[in-house]
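I opened this notebook to record what I looked up on sheets and pockets. The entries follow in the order in which I worked.

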Amino acid sequence: MNIVVPINFVPDLVEEFSIADSGKDLDREWVSLMLNEFDDHAIEQAILLKERTDAEVTVMAPDVEGVDDALATASARGADRLIKLEDDFEAGASKHALARAYAAAIPALQPDLVLTGVQAHDDLDGTVGPLLAEYLGMPYVGYISGVEIGDGAALVRKEYPGGLIAEMEVMLPAVLGIQAADQPPRYVAFSKIRQAMQSAEITELEAEIPEDAGAAAVVRMYLPETGERAEMIEGDEEEVASRLVELFEQAGIL
Amino acid sequence: MTVLVTASTTQPPTLNDAVYSGLQLIENGERIRTCLQCGTCSGICPFGHLMDYPPGKMIAALRAGAFERVVNSDSVWMCVSCYACTQVCPAQIPLTPGLMTRAKEEMLLAGNVPEELQHALQFSQRYGNPLGESPRKRAAWTKGLDPPATILGKAKRPVDVLWFVGDYPSYHPRVQRTARALAKILAILDVDFGILGREEQSDADSQRLAGERGLFEMLAEKNGRAFAKYQFGEIITTDPHAYNALKNEYPALGISYPVRHYTQFLAERIDQLKPHLRREVKARITFHDPCYLGRANGVYDEPRALLEAIPGVTLVEMFHHRQTSLCCGGGGGGMWLDGFQWEKARSRISEWRVQEAIKVNADILAVACPYETPRFEDAVKTAANGAHLVVKDIAELLAESLDIEEE
Ligand code: SF4
Ligand code: SF4
């Protein structure tokens with residue numbers, strides 16, 4: 001059983017963003033990237049399956065800031081193989097382009113299962129999972145919160161809005177969009193990550209970000225603008241709180 | 001028979017053996033063999049009644065070769081590393097820094113870590129602070145200070161004092177008030193001080209006591225590299241945990257500087273400070289000894305001397321004070337285990353402590369550790385009889401008494 005987890009990095013929301021001079025992207029100089037939370041769950045799900053079925057887990061990532069640490073952490077958690085795709089991913093790649101780069105590299109690994117995070121907060125042009133499934137010619141099921149491996153198929157739990165859950169059988173090979181692993185991602189002691197940073201072998205693979213991957217083009221990126229009827233309340237906590245009370249009183253709520 | 005002996009000597013050591021023999025290698029660690037099983041430690045432990053293995057029982061488990069059972073129980077996460085057990089143990093076994101911390105390390109390696117603690121540890125790893133705030137904003141609290149704070153990376157000049165501000169004073173909105181108050185006092189005393197700003201990382205002492213030794217070393221090394229870049233006479237800290245780390249733990253990593261808690265630094269200048277303390281603070285004040293100032297490091301008198309220097313203050317003691325002080329519940333990872341500990345205990349140590357302050361009719365509960373202001377203020381909110389009780393850091397009380405206008 002071969003499981004491949006192509007992971008994705010997203011801008012860290014802890015930092016404040018500014019818009020690049022082009023007006024079409026974030027100012028990448030001030031962006032710090034971090035592993036997409038849902039991909040963290042995808043890695044965990046893969047490791048849990050490995051522990052239950054002896055699967056071999058390959059984690060694949062684009063070469064961006066922090067990639068080596070993320071791959072070392074995956075290895076400390078139990079990933080068997082680490083692959084880094086080499087091209088200028090730092091400058092930002094659309095999800096179409098990322099999916100195409102993964103799709104070029106994945107077939108050689110002959111996966112039975114490809115696990116991706118179901119979404120990322122920078123999905124401007126769709127999510128990686130379905131695009132990847134299309135390029136690989138595999139079935140896709142998203143919003144998964146539990147996976148079991150059967151005979152040539154996977155039994156998955158798919159979440160629907162309103163608290164509905166469906167159990168589905170998916171023929172393998174398939175791509176799954178993971179919403180949550182069976183268990184929350186485990187904590188790995190930093191000493192183990194440090195060891196992995198020294199010993200983990202990362203395979204570098206030439207990749208290509210396609211020029212025209214078919215993504216929607218960003219025309220303009222801008223901060224939310226204050227609407228005509230909106231009043232932005234400024235000041236310290238006290239001032240904001242008193243103005244809010246005033247407004248609630250005016251509206252007859254208080 | 002000989003075959004049996006040979007076979008057993010080639011066995012790798014069990015976890016139990018590794019932990020038991022490892023513990024005997026630390027300072028005074030061999031004393032673990034002299035545990036009398038008197039149970040004093042478990043009795044004094046604030047959460048001992050909720051632990052499957054309080055210190056004495058954990059030693060019994062080690063002796064019986066049953067340490068696996070300790071790792072399979074999550075109740076060691078009730079330990080707030082308060083040093084109460086260590087203080088009273090008649091055999092003087094280093095229970096808090098040795099046994100309990102080692103047990104948490106094993107829990108962590110086994111992946112048996114409550115989720116809320118995981119977050120604080122992951123944040124510390126990624127951002128250098130357990131609150132998950134941007135490292136770039138570490139000096140944001142200094143905005144508007146008059147005179148402005150000297151940030152060493154920008155000033156590029158030697159200073160007398162490097163002030164290690166700490167995580168909560170840098171980021172926590174309530175505790176930033178403590179940092180600003182201390183900045184004001186240092187300015188009035190003409191102390192030539194500088195801060196590291198974004199180069200400062202968590203002191204990581206509480207992460208260490210929560211079992212994350214590797215993370216502690218990584219962050220300590222980063223701080224050590226930052227210290228080495230600048231020239232300064234000594235370090236002062238807002239946080240007793242930072243003081244403890246820099247004084248007792250960093251030297252083993254080759255990071256060794258003279259360091260004091262700010263209460264020690266100010267108490268030494270009390271004659272210089274007193275003439276500035278002109279505004280009366282008419283209040284009954286009781287002082288909560290922080291574990292890492294008091295029991296862990298023996299600093300009891302300086303904070304009290306500072307409080308008594310404020311005109312109008314009547315100092316009263318709570319039932320538990322000095323060596324017997326109660327923990328605020330934030331130590332050893334407790335700061336990041338509130339939900340977990342609440343589920344097990346259905347009450348908080350900070351709430352018990354606030355009741356003690358109310359019992360001695362205190363108007364103000366004075367503290368000297370950044371964990372304590374938010375913890376005790378929260379506890380006051382839930383105390384039906386405590387609405388009048390105010391929680392303030394000593395630095396804030398001193399700043400209030402200074403004869404200058406409030407900002
Ligand atoms: S107080 Fe000391 S001697 Fe007594 S049981 Fe605890 S560890 Fe053993
Ligand atoms: S350090 Fe404090 S909380 Fe931990 S076992 Fe000892 S007395 Fe209990």
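This is a predicted model: local features need pLDDT of at least 70, side-chain atom pairs count only at pLDDT 80 or more; totals for chains, interfaces and linings use all residues.

**Entry 1**

I traced an open sheet of nine strands in chain A, with mixed pairing and the order S9-S8-S7-S10-S6-S1-S4-S5-S11. I then looked up its edges: strand S9 (164–171) and strand S11 (202–206) of chain A each have a single partner strand, so one side of each is left without a neighbour in the sheet. From one strand to the next, I found an average twist of 35°.

Strand S1 (residues 2–6) and strand S4 (residues 56–62) of chain A are parallel and share five bridges. At Val4(A), I found Thr58(A) of S4(A) standing opposite.

**Entry 2: helices on the sheet of chain A**

Which strands does helix H1 (residues 37–53) of chain A lie across? I listed S1, S4, strand S6 (113–117), strand S7 (140–149) and strand S10 (174–178) of chain A, and noted that H1 runs at about 150° to S6(A). Helix H4 (residues 128–136) of chain A also packs on the sheet, where it touches S1, S6, S7 and S10 of chain A. For the direction of H4(A) against that of S6(A), I recorded about 155°.

**Entry 3: the sheet of chain B**

In chain B I followed an open sheet of four strands, ordered S7-S6-S8-S9, with parallel pairing. Its edge strands are strand S7 (313–316) and S9 of chain B, each of which pairs on one side only. Here, too, I noted the twist from strand to strand, which averages 35°.

I checked two of the pairs. Strand S6 (residues 283–287) of chain B runs parallel to S7(B), and four bridges join them; Ile285(B) has Leu315(B) as its bridge partner in S7(B). Strand S8 (residues 364–367) and strand S9 (residues 390–393) of chain B are also parallel, over four bridges, and Ile364(B) is partnered by Val390(B) in S9(B).

**Entry 4: the largest pocket**

I read a volume of about 1,500 Å³ for the largest pocket. Its lining has 49 residues, and those closest to the centre are Met34(A), Leu35(A), Gln122(B), Arg126(B) and Tyr127(B). Which element gives the most to this lining? I found H8(B), with nine residues. Among the elements that supply at least two residues each are strand S3 (33–35) and helix H5 (190–199) of chain A, and helix H13 (213–229) of chain B. By class, I recorded 23 nonpolar, 13 polar and 13 charged residues in the lining of the largest pocket.

**Entry 5: the second largest pocket**

For the second largest pocket I read about 890 Å³ of space. It is lined by 39 residues, and nearest its centre lie Asp25(A), Arg28(A), Gly92(A), Ala93(A) and Ser94(A). The elements that give two or more residues to this lining are S2 and helix H3 (95–105) of chain A. I noted that H3(A) contributes the largest share, three residues. The lining of the second largest pocket divides into 24 nonpolar, six polar and nine charged residues.

Methods. Residues are numbered from 1 along each chain as its sequence is written. Chains are lettered from A and ligands numbered from 1 in the order in which they are written. Side-chain values use heavy atoms; hydrogens and water are left out. Two strands pair if DSSP finds at least two bridges between them. Axes are lines fitted to C-alpha atoms, for helices over the stretch in contact, and angles run from 0 to 180 degrees between N-to-C directions. Contact means heavy atoms within 4.5 Å. On a 1 Å grid over the protein atoms alone, a cavity is a set of points where a 1.4 Å probe fits but cannot get out, and a pocket is an open set with protein on both sides within 12 Å along at least five of seven lines; lining residues have an atom within 4 Å of a point. Grid points are joined across faces, edges and corners, and a volume is the space filled by probe spheres set on the points. Ala, Val, Leu, Ile, Met, Phe, Trp, Tyr, Cys and Pro count as nonpolar, Asp, Glu, Lys and Arg as charged, and the others, Gly among them, as polar.
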